[in-house]
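Hello,

Here is the structure you will be working with. Notes on its salt bridges follow below it.

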Amino acid sequence: MTFAIKGRLNLTPPSGGGSGGGTDWDTYTPDWTAGASAVTIGDGVIEGFYRLQTNPNGTYTVDVAVWVYIGSTTSIPGGDWQFSMPTATLVIGVSSSVGSALMNLGGNIYAGVVTIGDVGGWGFEYFTVYAPVLGTQRVAPLANGQPETWSSGSILQFAIRYHAAHE
């Protein structure tokens, strides 16, 4: 299955087991914030795919893939970026939930990691993507200017698998 997004990207979700152990991936539009403010996507694209696999103990394995394309009218306020999760679940085993990220900023390619973050100290509610801080040996959350300036045509892709239970 391929999704054409606003004529810009043709996205094909990964293949393999989907909701309840099938092969279908569901789509969702992640909420994207920078600091405490919402990002205005404008003519850019943000699209998410996820699947739930039911485990024998009643919990779920959740696979998520997100693609972001920065358009010429995308407006990103200051602050660290956060992306909403696709389902209302309580995450379990957070320390082992680390995914991968790939960024293309004007032809400069960066690899990063994605983790699950906590809002309010009680539930895990969003994804944070980390990228290299140029000139150092550390990483920091994505932000406008991290790892470099995000401009029209920049692309972010990330994927993560985590275990969850209904709240």
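R161 forms a salt bridge with D63, with the closest N and O atoms 2.6 Å apart; a salt bridge here is a side-chain nitrogen of Lys or Arg within 4 Å of a carboxyl oxygen of Asp or Glu. R161 lies in strand β14 (residues 155-166) and D63 in strand β7, so this pair ties together parts 98 residues apart in sequence. Strands are DSSP runs of E, at least two residues long, numbered from the N terminus.

This is a predicted model, in which local features need pLDDT of at least 70 and side-chain atom pairs count only at pLDDT 80 or more, while totals for chains, interfaces and linings use all residues. Residues are numbered from 1 along each chain as its sequence is written, and side-chain values use heavy atoms, leaving out hydrogens and water.

D63 also meets R51 in a salt bridge, at 2.6 Å from N to O. R51 is in strand β6 (residues 45-54) and D63 in strand β7 (residues 60-69), so the pair joins parts 12 residues apart in sequence. A search of the whole structure finds two salt bridges, and R51, D63 and R161 are linked in a network of them.

As for accessibility, D63 is buried at 7% relative accessible area, and R51 is buried at 9%. R161 is partly exposed, at 42%. Buried means under 20% relative accessible area, exposed over 50%, and partly exposed in between (1.4 Å probe, protein chains only).

Regards

Notes
Helix = DSSP H or I, 4+ residues; strand = E, 2+ residues; numbered from the N terminus.
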